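Me: I'd like to go through this model with you piece by piece. Could you keep to what the coordinates show?

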Amino acid sequence: MSRIYYRGGMSPFETFSPGYILTHNVIGTNVGNFLYLNGVLRSLMIDDNTVIQANYYNTNYYKPEYVNENFDCFVIPLADAFRENFVNELNELTSFVKKLKIPCYVIGVGLKESYEPDFSQPKPQDEAVKKFVTAVLEKSNCIGVRGELTGKYLETLGFAEGRDFMVIGCPSMYMKGKRLHIQNPKLDVNSKVCFNSNVAASVPTRKFIKLKMKEFENHYFIGQVVNELRSIYLGAPYEYKIEYNFRNVTDKIYQDGRLRFFCNVPKWMEFLNDSDLTFGSRLHGNIAAVLAGTPALLVTKDSRTRELAEYHHLNAIHESKLNEKLTLQDLVEQQDFTQIEKYQKQNLDRYVAFLKKNDIPNIFMDGEDPQETAFDRKIKQTDLLEGIVPVSQCSLEEIAERNRDYYKKRELKIRKLQQNPLAKKS
């Protein structure tokens, strides 16, 4: 039996209401965080007795002494954590790791930089990153990074590939083991096409995505961040002074019910499974489609999307290549969507080698690649939330219930903070 304490907003086997998710932000702002977390936990749940416990993004959720006595390891799955506005969180994690006596594993972390990073100049997060990586390496043999660019960055800080870190890609990509199968799509006006976008994408990219949605009657926009959930669930305006796919409940996309938000991975993948294509600038929105067996075309814009697209051979196009005169079918015809599965085995082997180097028990040991695992069995027993449809599609009773859910959770959160002003997320 393994007892795993991990950094994460919630367990895949917990179901919180959308109101709780909005007030406590257990998705860490972006539900895409669930994908790599699920990938890591599926890998490490070696049997039905494995214990997993989230820290709910609260470094102080359990005291170090309690963690040392009650868990076998502290697992830290991260996204693009090597960035300036994550320094405080890195410093807190470093302090916590230093107090632990059990192994600590970073299973996936990336750099957030421009598409062509300049490694000749120091970066604001350098010192925090060095301290964090050094602290983790005192409790493990090496850390796993997302791609080659993150590796090059760590080399500028004095760390060495093979000794201090290994490139493993994103753990979300190993949720199906070696079993990825993507076919080249044939699109027509009736195809089910799912889109995603974010405000970090350039204005031309956001305009392009919005325009391409009009090519398909059966299209859906899949939200991923808290602000999109708030807008879809409650009808709150999506307040941005920039081009975006939706803003108000009066927008046509609302009125036609063409918005969805998923608060868990299984329902998200289930919806994408019978889609013909996913297109957009959300990295994990596209990875979710690939895992569901659906072709996906990612619009890349920065180092984090670039390095993972290159490592996993995800179908991708840089945003500078988008041209409004091109149809989505034009773009699709330029791609070979079968390429991903050609590299999946070697990428999985490298991931397994990383786990072995750290002596981490996992489901892939001894060449195994099980179709059903303890993780999968427990997911099947979990009562999961269905996808959230826009409030414009709800009855008055449903709208009232959504408001009760949100404001009740909000009041409880405020009361808790008033009782303990120093309380963090929990």
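Me: Leaving aside neighbours within four places in sequence, what is phenylalanine 132 in contact with?
Reply: Phenylalanine 132 is in contact with Ile76, Leu78, Phe82, Leu90, Leu93, Thr94 and Val106 once those neighbours are set aside, where contact means heavy atoms within 4.5 Å. Please keep in mind that this is a predicted model, in which local features need pLDDT of at least 70 and side-chain atom pairs count only at pLDDT 80 or more, while totals for chains, interfaces and linings use all residues. Residues are numbered from 1 along each chain as its sequence is written, and side-chain values use heavy atoms, with hydrogens and water left out.

Me: Which residues touch the most other members of the largest nonpolar core?
Reply: That core has 137 residues, and Phe74, Phe82, Ile107, Phe132, Ile143, Leu154 and Phe279 are the ones that touch the most other members. A nonpolar core here is a set of buried Ala, Val, Leu, Ile, Met, Phe, Trp, Tyr and Cys residues joined through side-chain atoms within 4.5 Å, and buried means under 20% relative accessible area, exposed over 50%, and partly exposed in between, with a 1.4 Å probe and protein chains only.

Me: And which helix gives the most to this core?
Reply: Helix 2 does, with 7 residues; helices (H or I, at least four residues) and strands (E, at least two) are DSSP runs, numbered from the N terminus.

Me: What does helix 2 lie across?
Reply: Helix 2 lies across strand 1, strand 2 and strand 3, and runs at about 165 degrees to strand 1. For such angles, axes are lines fitted to C-alpha atoms, for helices over the stretch in contact, and the values run from 0 to 180 degrees between N-to-C directions. Helix 4 (residues 87–99) also packs on the sheet, where it touches strand 1, strand 3 and strand 4, and its direction makes about 165 degrees with that of strand 3.

Me: In what order do the 4 strands of that open sheet come?
Reply: The order is 2-1-3-4, with parallel pairing, and two strands count as paired if DSSP finds at least two bridges between them. Strand 2 and strand 4 (104–106) are the edge strands, each pairing on one side only. Strand 1 (residues 3–6) is joined to strand 3 (residues 73–76) over 3 bridges, and isoleucine 4 stands opposite cysteine 73 there.
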